[in-house]
Every structure is written in structure tokens, then in C-alpha cells.
Amino acid sequence: MAPLKSLEQEYPILDSNFQSFCASHDIFSVEDLLLHDLYVLAAFAEQESSSERLKQGIAQVLSIIDGQHQPWLNGIELLEDAQRNKHVLSTGCEGIDLLLHGGLRVGQLTELVGPSSSGKTQVCLLAASNVAKKHIGSVVYLDTGNSFSPQRVTQFICQHSDPAIDQAKHRTLQKVMNNISCKSVFDIFTMFDVLHQLEFNLRSQMQGGDCKVQLLIVDSVSSMVTPILGGSGSQGIHSWHALMISAGYLLKKLAHEHNIAVLDPTLRIRLKASDLKNGFRNKKGKNQKKGRKIV
């Protein structure tokens with residue numbers, strides 16, 4: 001769940017005064033608030049001059065949490081939702097679409113796995129170009145390695161035209177470029193902030209009827225998390241694992257709740273046997289005590 005600060009724009013009652021009160025009790029996110037005894041927290045709020053507003057803020061956070069609980073659906077409702085909303089978006093490559101049974105499925109996270117320089121970014125650029133050209137909606141492209149190439153997008157759009165692009169092709173190219181929003185992010189924590197802001201924008205978009213985001217591309221999560229493997233022993237492995245799980249959960253949540261397709265090209269990572277041994281052994285000799293041996 002989001003940091004409290006990121007909720008202020010949508011919920012003004014969670015202002016700087018409320019955030020300062022929460023920070024004084026080591027509460028910086030919704031998760032932190034849930035870990036506290038709410039009766040004790042409300043008692044502390046009573047001692048403040050703005051006690052009523054602070055208690056309203058606590059109630060607002062609890063209301064946000066309740067609103068995120070998805071209702072139970074039966075099989076018929078799930079089938080109707082799949083037929084109505086969970087369509088596929090073509091990547092523009094027939095071979096990849098065939099492997100994916102039609103393309104990138106709306107409401108799901110698709111991971112494209114391969115070694116460095118195997119063409120994952122090219123697939124992302126092709127998919128962004130194709131979705132922006134053929135579908136009524138936009139593409140959000142988070143670029144973590146400064147690899148987004150508008151020149152390559154132009155080649156995909158105009159590959160069958162003469163060198164002198166005619167007026168129709170130029171209009172198509174303008175439409176595609178206008179429908180792709182690219183943002184550079186170079187560390188995992190900035191990416192989390194950007195994704196939380198995107199989540200807020202998507203909620204506002206649903207209420208305002210703006211041009212709908214159809215595809216989110218993160219190129220790529222693993223490139224930002226992999227440097228953490230430089231940490232020694234289990235600390236680096238565990239940090240990497242926790243961040244990858246958190247990122248995957250957030251991307252799946254965005255895909256499911258807002259009916260968008262999410263594409264993440266993932267770097268294939270090779271770990272040494274010694275890294276795995278150190279990473280999954282909590283204490284020296286603990287596994288040996290239980291008769292286990294990691295080879």
C-alpha cells in the first residue's frame with residue numbers, strides 16, 4: 001500500500017499535520033498504521049489540538065483500506081468480466097502473439113525473460129508502437145536503462161513507406177508518439193513512487209473519462225534490483241528477493257484493478273552456488289542441525 005504522503009492529493013484530510021502526527025509514532029505508510037493499536041493511536045490524537053481532524057484522518061485511511069477489498073465474485077461473473085474486459089493486445093510480432101495465444105492479455109502481467117542483448121527492449125518498443133497505433137488508448141513506458149528509442153518507434157511505424165514520409169504516415173506517427181508517455185527511472189524506490197502516482201492517475205482517469213491507458217511497460221524491474229545482489233551473503237539475496245516480490249505484486253495489482261496489460265522484460269540472472277548457499281542459510285550450522293545439506 002502507498003505511503004501516506006502519496007495519498008494527500010486525493011484525500012486532503014491526510015495533510016502535512018496528519019502526516020507529522022503519524023510520523024511522531026513511526027507511521028509513514030498504510031501498513032505502518034495497521035501495525036499500531038488504533039485505540040491507542042486515537043487516544044494520542046485526543047491529546048492534540050486538532051484531535052477531531054486527526055481522528056477523521058485515521059478513519060479515512062481505514063476507509064481506503066476497506067475500499068481496496070475486492071468483492072466476492074461467482075464463476076458466471078468472472079466469466080462475464082473476462083469476456084467483457086480481459087481482451088488481448090497484439091505485440092506486432094506474429095510469432096510472439098502465437099506463443100501468447102493472441103498477445104498481451106489485459107489484466108495480467110507478462111514477463112519476457114532472456115539474457116542481455118537478446119532483443120527484449122526491441123519487443124517492448126514494437127509492442128508500444130503497435131498498441132499506440134491500433135488501439136484507442138495510451139502506453140506508459142518506464143525506461144530504467146535509457147533505452148527508449150523514438151527513432152526505432154519511427155522505423156516500426158514507417159517500415160513499409162517511402163523514405164519521404166507522406167502526410168498520412170506523418171499523422172499516424174504523431175498519433176503514436178502522442179500516445180506513448182515515457183519516464184526515466186533509475187532506482188527501484190523511485191519506480192515504486194512513480195507506480196503509486198500512476199495508480200492515483202488511473203483512478204482519476206476512470207472518474208474523469210480521459211484517454212485510457214492500455215499498456216504499461218517497465219523496461220525493466222530486474223535491471224534496477226540486480227545491483228542489490230552485490231550485497232554480501234544472505235542480505236543481498238534476501239533484499240533482492242523482497243524487492244522483486246513487492247514490484248511484482250504492485251504490477252499485478254495495477255493490471256488487475258485497472259484492466260491494463262503490463263509487460264516486464266526480465267533479465268535472466270545466474271547465481272553462484274555459494275550465493276544460494278549463503279542466501280538461504282539463516283545461521284551457520286542451522287541446516288546441518290536438522291540433517292539438511294545444501295550443495
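This is a predicted model: local features need pLDDT of at least 70, side-chain atom pairs count only at pLDDT 80 or more; totals for chains, interfaces and linings use all residues.
**Group meeting: helix packing and a few loop residues**

H8 passes H9 in a right-handed crossing.

Who makes the contact? From H8 come Gln-122, Leu-125, Leu-126, Ser-129 and Lys-133. From H9 come Arg-152, Val-153, Phe-156 and Ile-157. By class, that contact has five nonpolar, two polar and two charged residues.

H8 has another packing partner, helix H10. H8 covers residues 120-134, and H10 covers residues 167-178. The angle here is about 110 degrees, with the axes 8 Å apart. H8 and H10 are therefore roughly perpendicular to each other. Their crossing is right-handed. On the H8 side you have Ser-129, Ala-132 and Lys-133. They meet Thr-172, Lys-175 and Val-176 of H10. The split by class is two nonpolar, two polar and two charged. Look at Ser-129 and Lys-133 on your screens. Both are listed in the contact with H9, and both are listed in the contact with H10.

Now the whole chain. It has 15 helices and seven strands. There are 295 residues, and 38% of them are buried. Take the contacts with a separation of 6 or more: residues 24 or more positions apart account for 72% of those.

Leu-250 sits in helix H13, residues 233-258. Is Leu-250 buried or exposed? Buried, with a relative accessible area of 6%. Set aside its neighbours within four places in sequence, and Leu-250 touches Phe-192, Leu-195, His-196 and Glu-199. Glu-199 is 51 residues away along the chain from Leu-250, and their C-alpha atoms are 9.5 Å apart.

Next, the backbone. Where is the cis peptide bond I want to show you? It runs from Asp-219 to Ser-220, with omega near -5 degrees. Ser-220 is in the loop between strand S6, 213-219, and H12. The side chain of Ser-220 also has a partner: a polar contact of 3.4 Å joins it to the side chain of Ser-222. Ser-222 is in helix H12, residues 221-225. Ser-222 counts as buried because its relative accessible area is 1%, and the cut-off is under 20%.

Last, two loop residues with positive phi. Asp-26 has phi near 60 degrees, and it is not a glycine. Its loop lies between helix H2, 16-23, and helix H3, 30-35. Asp-26 counts as exposed, at 56% relative accessibility. Then Asn-146. Phi is near 55 degrees, again positive in a residue other than glycine. Asn-146 is in the loop between strand S4, 138-143, and helix H9, 150-157. How is Asn-146 placed, buried or exposed? Exposed, with a relative accessible area of 60%.

That loop ends at H9, and H9 is where we came in, crossing H8 in the right-handed sense.

How values were computed:
Residues are numbered from 1 along each chain as its sequence is written. Side-chain values use heavy atoms; hydrogens and water are left out. Helices (H or I, at least four residues) and strands (E, at least two) are DSSP runs, numbered from the N terminus. Buried means under 20% relative accessible area, exposed over 50%, partly exposed in between (1.4 Å probe, protein chains only). A polar contact is a pair of N or O atoms within 3.5 Å; within protein, one must be able to donate a hydrogen and the other to accept it, and residues adjacent in sequence count only if both atoms are side-chain atoms. Axes are lines fitted to C-alpha atoms, for helices over the stretch in contact, and angles run from 0 to 180 degrees between N-to-C directions. Angles under 35 degrees count as roughly parallel, over 145 as roughly antiparallel, 65 to 115 as roughly perpendicular and the rest as oblique. A crossing is left-handed if the near helix is turned anticlockwise from the far one by less than a right angle, and right-handed if clockwise. Contact means heavy atoms within 4.5 Å. Ala, Val, Leu, Ile, Met, Phe, Trp, Tyr, Cys and Pro count as nonpolar, Asp, Glu, Lys and Arg as charged, and the others, Gly among them, as polar.
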